[in-house]
Amino acid sequence: MEVGVVCNETSFGKDRNIDDPRWQALPGKVVCWWGGLGRYRPLLRKWSGRFWDKLSTAIDIAHARKLQGADVIVAHFGNNGMRVARAIKRGRISAPLVTIFHGRDVGEPLHDNTLARYKIVFEKGVLQLPVNAFFRDALIEVGASPEQVVVHHMGVRPNEIDYQWRSWEQATLSFISVCRLTEKKGIEYALRALAGLPRRDWVYSVIGGGELLEELKAIATNLGIADRVSFLGSRPHSEVKQRLRDAHVFLLPSVGARDGDLEGIPVSLMEAMAAGLTVVSTYHSGIPELIDDHKTGFLVPERDVAALTGKLAWIAENPKPCEEIALAARKKIEAEFNSDLLNQHFVEIAMQLGETRSLA
């Protein structure tokens with residue numbers, strides 16, 4: 001089986017995974033959909049205004065030959081599924097289309113009441129793979145055939161993540177977050193909850209950059225906790241792994257952003273659970289599919305600072321029960337969010353679709 005990648009640009013993720021070798025080892029050929037025009041895509045989008053949809057579709061179709069040799073097309077994010085579906089409608093592509101819905105591509109149209117924009121994807125595609133059941137139900141609600149919508153979780157490789165439980169019974173309690181500093185990650189609420197924590201011997205490390213960095217620093221200062229909070233920016237993957245090993249509790253109190261942006265199921269939570277950290281998050285999007293409250297981690301309602309403080313206070317005083325919870329979390333990752341098993345299942349789906357096409 002050969003895998004090719006067609007994308008808007010041919011360099012990715014340098015701000016988020018600054019030394020991650022996966023970006024240098026993508027399988028197969030990587031090409032830009034628009035070829036030489038790709039570099040002008042942001043400028044064209046800005047220049048064309050309300051005509052962007054028609055202009056970009058015309059350019060997509062003009063360059064659709066890059067997809068003609070595929071036996072199966074996998075579109076990541078609904079907007080790319082829509083681009084491929086339009087080319088299929090125009091007769092430029094005939095391969096079966098599988099669209100994976102990740103987060104913002106469902107959250108924003110849900111927020112704007114425009115999720116039905118994907119009708120053409122449902123009609124021209126053969127399979128929709130949302131990353132959680134919350135998204136599955138939303139897609140079916142706006143017209144996707146239930147038989148063609150299957151939850152396909154993202155995952156991690158637990159065999160590459162050492163499980164290590166560290167008790168804080170006789171230690172300074174160490175909290176950590178690893179994420180882009182955007183509204184949906186809810187780091188503001190983590191700061192406010194920590195400021196109210198009765199236990200005072202704690203530290204908090206925040207790894208990641210983003211547009212809210214300076215605002216969050218100011219919040220920490222105003223709350224009087226800046227001396228215990230370290231904003232570390234983007235760090236090498238090896239350093240992130242080490243800092244996770246040194247921490248006790250992983251915080252990610254995700255929220256629905258004002259523009260509708262939602263989480264899928266954050267991979268950072270999976271990594272933390274696999275590594276033996278106690279994880280704390282929210283009843284948000286697909287996160288409850290990953291975390292069972294008081295069984296594999298802890299959940300609170302979105303933006304509920306008092307509830308979050310209460311959970312953190314309980315965790316601070318109960319390291320022994322948290323060890324059992326962390327072990328159960330590791331087992332859940334191994335059983336249900338193991339990317340090797342999930343990827344193998346996905347390959348079987350793709351191979352079956354490709355074989356079905358060859359027999360048609």
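This is a short tour of a predicted model, moving from a sheet to the helices beside it and on to a pocket.

**Stop 1: the sheet.** Start by showing the strands. Six of them make an open sheet with parallel pairing, and the order across it is β8-β7-β6-β9-β10-β11. Now pick out β8 (229-233) and β11 (298-300). These two are the edge strands, each with a single partner, so one side of each has no neighbour in the sheet.

**Stop 2: a pair of strands.** Select residues 249-251, which are β9, along with residues 278-282, which are β10. How many bridges join β9 to β10? Three, and the two strands run parallel. You can find the partners yourself: Phe-250 is bridged to Val-279 in β10, while Leu-251 has Val-280 as its bridge partner there.

**Stop 3: helix α10.** Go to residues 267-275. This is α10, another mostly covered element, with seven of its nine residues buried. Among the buried ones are Leu-269, Met-270 and Met-273, plus Ala-272, Ala-274 and Ala-275. What covers them? The cover over α10's buried residues includes strands β6, β9 and β10, together with α11 (287-290) and α13 (319-336). Before you leave, click on Gly-276, just after the helix: its phi is positive, at about 100°.

**Stop 4: a helix across the sheet.** Next, select 305-317 to see α12. This helix lies across β6 (173-178), β9, β10 and β11, and it runs at about 160° to β11.

Stop 5: Time to look at some empty space. Rolling a probe the size of a water molecule over the atoms shows where such space is left. The second largest pocket holds about 170 Å³. To find it, select Glu-183, Glu-188, Tyr-189, Leu-212 and Glu-215, the closest to its centre of the 14 lining residues. Colour the lining by class and you'll get seven nonpolar, two polar and five charged residues.

Terms used. Residues are numbered from 1 along each chain as its sequence is written. This is a predicted model: local features need pLDDT of at least 70, side-chain atom pairs count only at pLDDT 80 or more; totals for chains, interfaces and linings use all residues. Side-chain values use heavy atoms; hydrogens and water are left out. Two strands pair if DSSP finds at least two bridges between them. Helices (H or I, at least four residues) and strands (E, at least two) are DSSP runs, numbered from the N terminus. Contact means heavy atoms within 4.5 Å. Axes are lines fitted to C-alpha atoms, for helices over the stretch in contact, and angles run from 0 to 180 degrees between N-to-C directions. On a 1 Å grid over the protein atoms alone, a cavity is a set of points where a 1.4 Å probe fits but cannot get out, and a pocket is an open set with protein on both sides within 12 Å along at least five of seven lines; lining residues have an atom within 4 Å of a point. Grid points are joined across faces, edges and corners, and a volume is the space filled by probe spheres set on the points. Ala, Val, Leu, Ile, Met, Phe, Trp, Tyr, Cys and Pro count as nonpolar, Asp, Glu, Lys and Arg as charged, and the others, Gly among them, as polar. Buried means under 20% relative accessible area, exposed over 50%, partly exposed in between (1.4 Å probe, protein chains only).
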